[in-house]
Amino acid sequence: VNMEIALKRTYDATPTPKLVVAVGDCGCHGGIFGESYASLGAVKNVIPVDAEIPGCPPTPFSLLNGILQLING
């Protein structure tokens, strides 16, 4: 919750075109913390997300594969 404003400001300050990738279970779905009084859950609850790469932690192959799929359409 404390990072919501900073994340929105950073997203708004980034010039277009921009891609947002949520990485890891916490970024994709809130992970073990989920949504609570202290957590907004997934990144997509704060800013638009173009791709999600699940895993805890995601493998290097998963990261590379997810980013390549995103940029190649």
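**Close-up views of a predicted model**

**View 1. Cys26 in helix 2.** Cys26 is placed in helix 2, which covers residues 24-29. The model is a predicted one. With residues up to four places away in sequence left out, Cys26 touches Gly31, Phe33, Gly41 and Ala42. One of these, Gly41, is 15 residues from Cys26 in sequence, and the two C-alpha atoms are 7.3 Å apart in space. The relative accessibility of Cys26 is 38%, and the residue therefore counts as partly exposed.

View 2. How many disulfides does the structure hold? The number is 0. For Cys26, the closest cysteine sulfur is that of Cys56, and the 5.9 Å between them is too far for a bond. A disulfide would need the two sulfur atoms within 2.5 Å. Is Cys56 buried or exposed? Cys56 counts as exposed because its relative accessibility is 67%, whereas Cys26, at 38%, counts as partly exposed.

**View 3. The peptide bond between Cys56 and Pro57.** Cys56 is joined to Pro57 by a cis peptide bond, with omega at about -10°. Pro57 belongs to the loop that runs between strand 2 (51-53) and helix 3.

**View 4. The peptide bond between Thr16 and Pro17.** Thr16 and Pro17 are also linked by a cis peptide bond. Here omega is about 0°. Pro17 sits in the loop between helix 1 and strand 1, the strand being residues 21-23.

**View 5. Tyr11 and the lysine over its ring.** Tyr11 is part of helix 1, residues 4-13. Which residue lies over the face of the Tyr11 ring? Lys18 does, at 3.8 Å from the ring centre. Lys18 is also among the contacts of Tyr11, together with Val20, Ile47 and Pro48, when neighbours within four places in sequence are set aside. His29 comes 18 residues from Tyr11 along the chain, and 19 Å separates the C-alpha atoms of the two. As for pairing between aromatic rings, the count for the structure is 0.

View 6. Helix 3 takes in residues 60-72, 13 residues in total. From its first C-alpha to its last, helix 3 reaches 18 Å, close to the expected 18 Å at 1.5 Å a residue.

**View 7. The whole chain, for orientation.** The protein chain contains 3 helices and 2 strands, in the order α-β-α-β-α along the sequence. Along the principal axes, the C-alpha atoms fill a box of roughly 35 × 30 × 15 Å. The chain has 73 residues, and 23% of them count as buried. Its accessible surface is about 5,200 Å², with 61% belonging to carbon and sulfur atoms. Of the contacts between residues at least 6 apart in sequence, 59% join residues at least 24 apart.

Conventions: Residues are numbered from 1 along each chain as its sequence is written. This is a predicted model: local features need pLDDT of at least 70, side-chain atom pairs count only at pLDDT 80 or more; totals for chains, interfaces and linings use all residues. Side-chain values use heavy atoms; hydrogens and water are left out. Buried means under 20% relative accessible area, exposed over 50%, partly exposed in between (1.4 Å probe, protein chains only). Helices (H or I, at least four residues) and strands (E, at least two) are DSSP runs, numbered from the N terminus. The expected span of a helix is 1.5 Å times one less than its number of residues. Rings of Phe, Tyr and Trp (its six-membered ring) pair if their centres lie within 6.5 Å; planes under 30 degrees apart count as stacked, over 60 as edge-to-face and the rest as tilted. A charge sits over a ring if NZ of Lys or CZ of Arg is within 6 Å of the ring centre and within 35 degrees of the ring normal. Contact means heavy atoms within 4.5 Å. Accessible areas come from the Shrake-Rupley method with a 1.4 Å probe; for residues, only the protein chains shown count as cover.
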